[in-house]
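Subject: Structure for you to look at

Hello,

Here is the structure I promised. Please open it first, then read my notes below.

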Amino acid sequence: MPALACCVDAAPLPCPAFAFTGGLSFPAPITFPAAAPPFTTGEINSHWSPSMSAELYNINGWGAPYFTVNSSGNVAVCPHSSATLGHQEIDLLKIVKKATDSISCGGLGLQLPLMVRFPDILKNRLESLQSAFDYAIQSGGYSSHYQGVFPVKCNQDRFIVEDIVKFGSSFRFGLEAGSKPELLLAMSCLCKGSAEGLLVCNGFKDAEYISLALVARKLALNTVIVLEQEEELDMIIDLSKKLCIRPVIGFRAKLRTKHSGHFGSTSGEKGKFGLTTAQIVRVVKKLQILGMLDCLQLLHFHIGSMIPSTSLLADGVSEAAQIYCELVRMGANMRVIDIGGGLGIDYNGSKSSDSDVSVGYGLEEYAAAVVEAVQRVCDKRSVKHPVICSESGRAIVSHQSVLVFEAFGCNSSTAATTNALSSLLGLQYLLEGLSEGVHADYRNLCATAIRGEHDACLLYIEEMKKRCLDEFKEGSLGMEELAGIDGLYDVVRKAVATAEESESVRTYHVNMSVFTSIPDFWGIQQVFPILPIHRLDEKPTVKGVLSDLTCDSDGKVDRFINGESSLPLHEIGDGHKYYLGMFLGGAYQEALGGLHNLFGGPSVVRVSQSDGPQGFAVTSAESGPSCGDVLRAMQHQPELMFETLKHRAFEHLREDSLLTAEAVTSGLAHSFNNTPYLVVASSQS
């Protein structure tokens, strides 16, 4: 809550504000010696610390062990998780400065918004997931192993997929594809990966998709074609015979187990994908008749994304393990149980199993629940332990990127409020000749005003007015003094009302598009952690919502983690830049983002920890799409458009005009090649 009076020596209200009925008026306010000293911005911030900001934004809840706040009040990145040493922390503000500074100043000359990727975090996430399963397997005496696959749909970025294959090669990590282009991508990338890494082919399939998957098997890629529909089996059988390629087949089972949250809508008996038990039996019998039952090797299921609890997870895995054991009993050559996705992350840091944006477990608990459930069922049925596979995309890529954007304006200011409230502290002269009780009330009023305790201010001014009225009735207070106190009463009440109005939620205008960069917020009301990436050693005194650049009323962010409808923010202005970051958005957002109002994607930098003076190295940088690029994406022809406008300029502009055709065409060329986002003038951060 902002203080009622931040600066005692702020500009006073004009005299008419203190004029009252009957011709009585007060002289301009003066500062009185007995008043409490002013609270400057520095003094307010002296009572604030980076650790208090970390608590306010719950960074340790959702961000640990990858994000923290450093002693400078900036968000710091811990690329190696809890193993990151102090000198290895990366200051996010320094990355933004490096990216946005001009090339002549040693920067990269990129425009915001900016996507910052951290391959070190991606590597750590893969290793942590593998370690969690390895520990559960070893401690439980499980006789097989875990090898995961990354579902490419979560983030198809070339560098991310290539890094996953490279980082996961030593523990047989593979890829999952759900479409023909994703399959082509996965085939190409896995040529450089582990020969044992799985290539899981999910999604609806036509003849070309199945042919590609069979060719992948011929290219010595460990490919499994997963049936989503019973009808796909006939195409697989027919094409495998034509191509003389023996397929490896799996299928997705429709489990009865499902969770009730938003992400559980694709699971259960009425789910979009998968085979019922009756269909499974028919598939097994058909393969048996054709002498292809040995091709059936993988069982896949998916309870839903963001599984909230390990108890629900264990129920689903146990049901699937029973199906797996039944397939073994029926003669199938079963080897792998693919538990699908569902490994959630804690977007709000609450560690709650009753929320769509949180989960009540960590990697270790997740892995232990899976391994224990499979082992228990298989041991009871005397079935050899299968290879455990998961498709944990969200948990792998969410943390590795941060979207940075700038707030360039705000819809209101507290300057008038500060002036009005600071002025009332200079009215001690009104109390001359009044009782000590009135003086005490006034001192209390000043103290509560400085602390921003609005309700207490009203109580003290009410007490002062009542005390003065009693003294007037007793004959110890004159009418002029009573009128003066009545005037002070009105000033205080108006000042409190103005201050409380200033505390209402303000709109911060930000240089990005919700539809392009945070589409899940608009589409499914998914919330992400958002906070300033600097000035966290200062107390945020404003409640704000974010409004993007699009001409759309839905282009705003007005819901935040922990159910908040506003975000604590700092005052902006005075030529200083104000940067915000959206975290945990590395899954789905880039692929789902559109081109509403023709705002394209952000600039992108990849940053790795280094032992250099800044502690990081930018390993690659790419500008965001230009105006010409986004026009081209919508089938326009920027080159032809430019020539049309150039011809128009030379046709309508005279040579002696202040605005020449040459100048116009030069400006047009610049606009086609420039960013669709606002180019905010450079200033201090």
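In which helix is Gln130 found? Gln130 lies in helix 5, which covers residues 119–140. Helices here are DSSP runs of H or I with at least four residues, strands are E runs of at least two, and both are numbered from the N terminus.

A quick note on the source. This is a predicted model, with residues numbered from 1 along each chain as its sequence is written. Local features need pLDDT of at least 70, side-chain atom pairs count only at pLDDT 80 or more, totals for chains, interfaces and linings use all residues, and side-chain values use heavy atoms, with hydrogens and water left out.

Back to Gln130. Gln130 counts as buried because its relative accessibility is 6% (buried is under 20% relative accessible area, exposed over 50%, partly exposed in between, with a 1.4 Å probe and protein chains only). Leaving aside residues up to four places away in sequence, Gln130 touches Tyr146 and Phe171. Contact means heavy atoms within 4.5 Å.

Next, two helix pairs.

Helix 6 (residues 158–168) packs on helix 7 (residues 180–190) at about 40°, and their axes are 10 Å apart. Axes are lines fitted to C-alpha atoms, for helices over the stretch in contact, and angles run from 0 to 180 degrees between N-to-C directions. That makes helix 6 oblique to helix 7. Angles under 35 degrees are roughly parallel, over 145 roughly antiparallel, 65 to 115 roughly perpendicular, and the rest oblique. Val161, Glu162 and Val165 of helix 6 meet Leu185, Cys189 and Leu190 of helix 7. This contact has 5 nonpolar, no polar and 1 charged residues (Ala, Val, Leu, Ile, Met, Phe, Trp, Tyr, Cys and Pro are nonpolar; Asp, Glu, Lys and Arg are charged; the others, Gly among them, are polar).

Helix 15 (residues 436–451) and helix 16 (residues 454–474) cross at roughly 165°, and their axes come within 9 Å. Helix 15 and helix 16 are therefore roughly antiparallel. Among the contact residues are Tyr442 and Leu445 of helix 15, and Tyr460 and Arg467 of helix 16. By class, this contact has 10 nonpolar, 3 polar and 4 charged residues.

Last, one residue from a record. UniProt lists Cys551 under "active site", in an unreviewed entry. Such annotations may be inferred rather than shown by experiment; positions use the numbering here, and feature names are shortened. Cys551 sits in the loop between strand 16 (542–547) and strand 17 (556–557). Is Cys551 buried or exposed? Cys551 is exposed, at 73% relative accessible area.

Best wishes
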